[in-house]
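User: I am new to protein structures and would like a close look at a single part. Please take me through it step by step.

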Amino acid sequence: METLIEMQDIAKTYTTGGVEVKALSHINLQIKKNEYVAIMGRSGSGKSTLMNIFGCLDTPTTGRYLFGGKDIQKLNDNQLSEIRNQKIGFVFQSFNLLPRVSALKNTELPLVYTGISPSERLKRATEALKHVGLGNRLHHKPSELSGGQRQRIAIARALVTQPALILADEPTGNLDSKTGEEIMALIQELHQQGNTVIMVTHERYIAEHAARLIRLKDGQIESDEQAIV
Amino acid sequence: MNLFENMTLAFQNLKANPLRSSLILIGMAVGIGAVLHVVVLGEMTQKNIKERLEKLGSNVLSISPGFSWRHGQRSSTKTVNLTWDEANDLMTQSNVITGTVPLYSGGGDVAFLDKTWSTQVTGTTPNYKVINNDHLIEGRFFNQGELDQRARVCVLGATVYEKLFKNGSPIGKTIMIKSKPFQVIGLLEAKGESWSNPDDQVFIPLTTAQGRIFGVDHLSGILAQMRTAQDYNEALFDIESTLRRNHRLTDELANDFRVRRQDFFLATIQETNKELAQFIIVIALVSLVVGGIGIANVMLISVTERIREIGIRRAIGAKKIHILIQFITESMILGFLGGLFGITGGLIFNHFYIGEDLSLPLQWISYSFLICAGIGIVAGIYPAFKAANRNVIESLRYE
Ligand SMILES: Nc1ncnc2c1ncn2[C@@H]1O[C@H](COP(=O)(O)OP(=O)(O)O)[C@@H](O)[C@H]1O
Ligand SMILES: [Mg+2]
């Protein structure tokens with residue numbers, strides 16, 4: 001399988017109030033297309049920092065990050081925005097939906113910035129929402145929906161551009177375990193349909209859905225293993 | 001993201017904070033309303049004054065007798081030193097004086113049937129009408145033949161007509177001027193007041209006034225028409241040298257006559273009015289600037305409140321320019337709406353309060369919209385740049 005992501009000696013250092021925090025160091029990895037990767041580690045171990053770099057939301061302090069063969073450091077802000085828009089779908093722990101607009105409007109938002117025509121947008125967003133089981137909630141606002149339903153909107157929004165990579169940073173962190181399992185099932189389904197998925201989770205049993213498990217400790221890779229299926 | 005979508009989005013966001021949006025709109029509206037109002041009032045007054053100036057007869061100098069000199073002593077009364085011949089002299093002696101009119105005016109009672117009115121009886125020549133730019137509502141001015149024959153005909157000023165007739169045609173009626181019968185042959189259009197009331201007069205041929213009514217052979221004044229207003233200095237020089245020579249004034253003696261510009265009074269008002277209008281415009285512009293600062297303020301608050309939204313939009317692929325346009329559109333719409341309310345509010349105010357449907361110049365309406373939208377855009381630039389340049393991750397994490 002083709003390589004989608006390659007990291008060479010990635011490090012990320014934050015400086016706050018004169019104190020340096022090494023959020024990540026010596027990260028070397030490759031992720032191929034259609035992989036399903038789970039990332040685990042204690043709180044503060046650098047999982048979100050790594051996900052943000054994967055998602056081109058943030059750039060590493062040192063090292064090389066190739067996404068789809070492109071050196072991310074060489075891209076400007078506009079090009080990074082385009083990659084985020086077209087190649088990556090991000091699912092956050094806190095949903096990050098626009099509170100005042102409907103499920104449909106939230107879902108079509110990435111397509112707005114892609115420059116897709118309104119009618120095409122409507123069609124694709126509706127499809128994506130149906131796909132995540134919200135076909136009957138198109139015009140509800142996030143505040144009118146449950147946590148699980150909100151996360152489904154976020155997943156629909158991540159899917160709607162048919163991205164090369166879906167990133168989910170503790171997607172079940174704000175949900176009860178039953179709803180969490182439903183969301184996990186949905187994400188697994190996405191993987192089975194051919195999507196590349198990287199997911200951060202705390203729960204061992206959730207990680208077991210994945211085919212590969214990367215453990216972080218103090219900003220470094222502690223282990224990186226293929227699960228025994 | 002096209003313009004229409006940006007506008008819709010902006011409206012949604014403005015609607016989300018109705019109180020704040022409307023407060024700032026009121027501020028803008030008052031500002032632009034004030035500006036427009038001042039402009040319109042100013043233009044109206046200017047127009048008014050201009051019309052009056054035109055009616056008064058432009059470029060006319062009025063010469064009246066002053067204190068005369070006898071054996072080097074100044075007389076105690078303004079006396080009898082202007083003559084009809086001198087009026088003709090002035091015209092032949094000067095290149096810039098295109099016409100003169102001799103006048104003799106005195107007080108006198110006029111009567112029609114049982115009504116009596118005390119007014120000014122002015123004897124003059126047919127040229128008076130031309131130089132003063134007078135218009136007749138009815139009838140005609142007296143002619144050269146009537147002047148030569150000392151005819152007993154008269155032309156009424158608007159006020160005199162009002163007092164004696166009130167309505168109905170006065171033409172052909174006989175009125176008494178200083179107890180002598182005169183036939184009314186014309187009625188003048190009202191001119192409006194300047195320093196005196198030109199409408200409170202009755203005009204008769206100069207010969208009649210001098211010979212039959214007042215029994216004098218001098219004048220009480222001469223009107224001299226200049227070629228153009230720029231000829232004032234030359235005309236003044238010609239008048240002074242001609243009259244001083246005629247009156248045999250030696251160098252050390254002051255003029256025994258006075259020269260005034262007819263339009264001087266109004267021209268002064270016009271100047272003052274212009275300055276006043278400019279002053280008020282400055283004040284109004286200040287209120288617009290304050291409105292603009294208000295918009296900038298609202299936008300800054302709005303950016304802070306929506307940091308999370310900015311983060312979300314950026315995370316799913318909005319470029320900086322998208323965020324920039326979004327916020328600038330919003331503040332432009334604030335400015336534009338402010339203008340809209342200001343203009344309609346101003347029109348309604350004018351309609352009901354002043355009661356005059358001001359023909360608000362279309363060009364000013366469009367200027368106002370441009371100004372308002374411009375203020376909105378300028379006010380939005382800084383907040384919008386702040387929004388667009390925010391760090392994506394930090395914005396996403398912002399609580
Ligand atoms: N913007 C930031 N500024 C300073 N320190 C940060 C920032 N983001 C993360 N960190 C630090 O980096 C480390 C890793 O954080 P994070 O990646 O969020 O961990 P995790 O997601 O695994 O809980 C933590 O020590 C955290 O305090
Ligand atoms: Mg985290």
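Analyst: Let us look at chain B, starting with a pair of rings. This is a predicted model. Tyr128(B) and Phe141(B) are both buried.

What do Phe336(B) and Phe369(B) form? They form a stacked aromatic pair, with 4.8 Å from centre to centre and 25° between the planes. That angle counts as stacked because the planes are under 30 degrees apart. This pair links distant parts of the chain. Phe336(B) belongs to helix H11 (residues 320-354) of chain B, and Phe369(B) to helix H12 (residues 362-388) of chain B. The two residues are 33 apart. Phe336(B) has 38% relative accessibility, so it counts as partly exposed. Buried would need under 20%, and exposed over 50%.

Searching the whole structure gives nine aromatic pairs over all chains. One of them is the pair of Tyr128(B) and Phe141(B), which is stacked.

Next, a strand. Is strand S11 (residues 221-226) of chain B enclosed or open? S11(B) is largely enclosed by the rest of the structure, because five of its six residues are buried. S11(B) has antiparallel partners. Strand S1 (residues 60-65) of chain B pairs with S11(B) over four bridges, in the antiparallel sense. Strand S4 (residues 97-112) of chain B pairs with S11(B) over six bridges, again antiparallel. Ile222(B) in S11(B) takes part in both pairings: Ile63(B) stands opposite it, and Pro102(B) has it as bridge partner.

Now the surface. Leu19(B), Leu23(B), Ile26(B) and Val30(B) make up a nonpolar patch there. Together they have about 430 Å² of accessible area. Leu23(B) lies in helix H2 (residues 18-56) of chain B. Its relative accessible area is 54%, so Leu23(B) is exposed.

Note on methods:
Residues numbered from 1 in each chain as written. Chains lettered and ligands numbered in written order. Predicted model: local features only at pLDDT ≥ 70, side-chain atom pairs only at ≥ 80, totals over all residues. Heavy atoms only, no water. Phe/Tyr/Trp six-rings, centres within 6.5 Å; stacked < 30°, edge-to-face > 60°. Buried < 20%, exposed > 50% of the residue type's maximum accessible area, 1.4 Å probe, protein only. Patch = residues over 30% accessible without salt bridge, like charges linked within 9 Å, V, L, I, M, F, W, Y side chains within 5 Å. Areas by Shrake-Rupley, 256 points an atom, 1.4 Å probe, with all protein chains shown as cover. Salt bridge = Lys/Arg side-chain N within 4 Å of Asp/Glu carboxyl O. Pairing = 2+ DSSP bridges.
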